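Student: Could we go through this model together, step by step, with questions and answers?

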Amino acid sequence: MNKFYLAFFMSIIASVLMLAGCASEPNESEGGSEDSGEVQEGGDLVIATISDAVSLDPGAVNDVPSFDVQYNIFEKLVKHDEDMNLVPSLATEWEQVDDTTWEFKLQEGVTFHDGEPFNAEAVKVNVERMMDPEVGYPTANMVEMIEEVEVIDDYTIQIKTEYPFPGLPSNLGHSMGSIISPKQIEEDYAAMEDGESPGSVINAHPIGTGYFKFDEWASGQHIRLVKNEDYWDGEANLDSVTFKVVPEDLTRLAELQTGDSHISNPLSSSDIDQIEQSEDLEMYQQSSVSLDYIGFNTEKEPFDDKRVRQAVSMALDKEQIIDGVVNGYAEKAIGPLSPGVFGYDENLEGLEYDVEAAKELLAEAGYPDGFSTTLWTNETRERVDIATNAQAQLQEIGIEVNIEMLEWGAYLEQIGNGEHDMFILGWSNSTADADLGLAPLFHTDNLGEPGNRTFIQNEELDELLDAGRQEVEEEERLNIYSEAQELLVEEAPMYYIMHKDYLVAQRTEVQNLEMLPTKMLLLKDVYLEQ
């Protein structure tokens, strides 16, 4: 996975300075050396982010803005490194004892932010909560194969599955696998008995074992985390991290220029020139295991006809979108999996751009003159630009597209309920495995909020995805996923656009920033150079 910095030097342009007047007052950092040449590790980092978290309970949501914050509060048994390899976290080692039993050895001497000890009982409580239908994890399908969690001793646990599942450790490295204080889980269950929603206690003040602790959440404005000085693996450099909600791209950029914020996540590719022209800013680029797509509601006319879905897919020129909207910072998607994901089929042939063939398919489906529809998006500028581009291209085959923008939380809720015609969204495959890249998005068990927002229901596809999940032989598993991808090209429940590079802008005083191919920022070693 490549990543690099670009820094160029010249004065700050006038238009950005004008925008800076709209930004909030700068945060004043205390401390620092009188010797300006001395590097000071620490500081109060402010990240200008496009959307607020939906929930800080790992069991309640399945969206990246929430995961961004949760990643710093909670830890999992295992985690992925920059190359998407599994490495130890709260588990020191793990092995498959037999076809259906995994054993995990746990870190000793770890405590939660509330002082509760981390041990095998804590893991058992957490895994059982992930599986609990009363809690209703939207990602519960990732642990649906678990039958039993057995404590062997204080720091050894075994997880037994209904069938062989080689991807279990990787799935537990997903944000869904975040380990919450068992005391808080107990309090949350008590609140549920009093009529509160699952996760209400956890969401209000999340407690994990991570290198940052929750401090405050001003909904729609910011979330602030502070250093966990008792962190078991060496405390973080930063004193605090604030995730500040700044939906507008240019306002985030203006905040960087004035120093009100230190990082803009994301950076729109349209604004790269301004980064290159500033001596105070630089860009960070990370290739990804993500997918950007336009989804169709396969339960609604006319998108319940695959010929219509194919026609729309063939009428849209991906090169035009990639070059025009993200300035080439992406790889064209053929199907739903990116090249960095296990199971990706490099020989897959997608639906080719062919306007005349698209018109023929529409006529065959009974829409020779096209039809009118609505395309939803959230406020992300690049998604709005994709919507505008698609609107213009589809007009050529007689499809009139109305664009509607929704606030992030409402957007996820309404497309999860199936209220849409078409929508624009992305999927970040945080395990780099075909199971997570396909099952949540396309399996009938995951209709709606868990991920299948196109509401596709295909028995053959379900059988393939079930078989791929259970197959232990690597070559056969690859064959199964190849068949599934071919079927998904044919069924076209979504228009697979691109695997976009993640772009972040930062001030030059931000040191040691790294990002995973899943979009998670690694903040433990970051500091602000004084």
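What follows is a conversation on confidence, sheets and a pocket.

Tutor: This is a predicted model, in which local features need pLDDT of at least 70, side-chain atom pairs count only at pLDDT 80 or more, and totals for chains, interfaces and linings use all residues. Residues are numbered from 1 along each chain as its sequence is written, and side-chain values use heavy atoms, with hydrogens and water left out.

Student: What is the average pLDDT of the protein chain?

Tutor: The pLDDT is the predictor's confidence in each residue, from 0 to 100. Over residues 1-39 it is below 50, whereas 92% of the residues score at least 70. The chain average is 91.

Student: Which strands are the edges of the sheet of 4 strands?

Tutor: Strands (E, at least two residues) and helices (H or I, at least four) are DSSP runs numbered from the N terminus, and two strands pair if DSSP finds at least two bridges between them. The open sheet has the order β5-β6-β8-β7 with antiparallel pairing. An edge strand here pairs on one side only, and the edges are β5 (91-98) and β7 (146-153).

Student: Which residue in β8 is the bridge partner of D153?

Tutor: Strand β8 covers residues 156-161 and pairs with β7 in the antiparallel sense over 6 bridges. Within β8, the partner of D153 is T156.

Student: What angle does helix α14 make with β18?

Tutor: Another open sheet, of 6 strands with mixed pairing, runs in the order β15-β19-β14-β18-β16-β17. Helix α14 (residues 434-442) packs on that sheet and touches β14, β18 (422-428) and β19, where contact means heavy atoms within 4.5 Å. With axes fitted as lines to C-alpha atoms, for helices over the stretch in contact, and angles running from 0 to 180 degrees between N-to-C directions, the value is about 150 degrees.

Student: How many charged residues are in the lining of the largest pocket?

Tutor: On a 1 Å grid over the protein atoms alone, a pocket is an open set of points where a 1.4 Å probe fits, with protein on both sides within 12 Å along at least five of seven lines, and lining residues have an atom within 4 Å of a point. The largest pocket is lined by 24 residues, of which Y71, K79, Y211, L522 and K524 lie nearest its centre. Asp, Glu, Lys and Arg count as charged, Ala, Val, Leu, Ile, Met, Phe, Trp, Tyr, Cys and Pro as nonpolar, and the others, Gly among them, as polar. Beside 10 nonpolar and 5 polar residues, the number of charged ones is 9.
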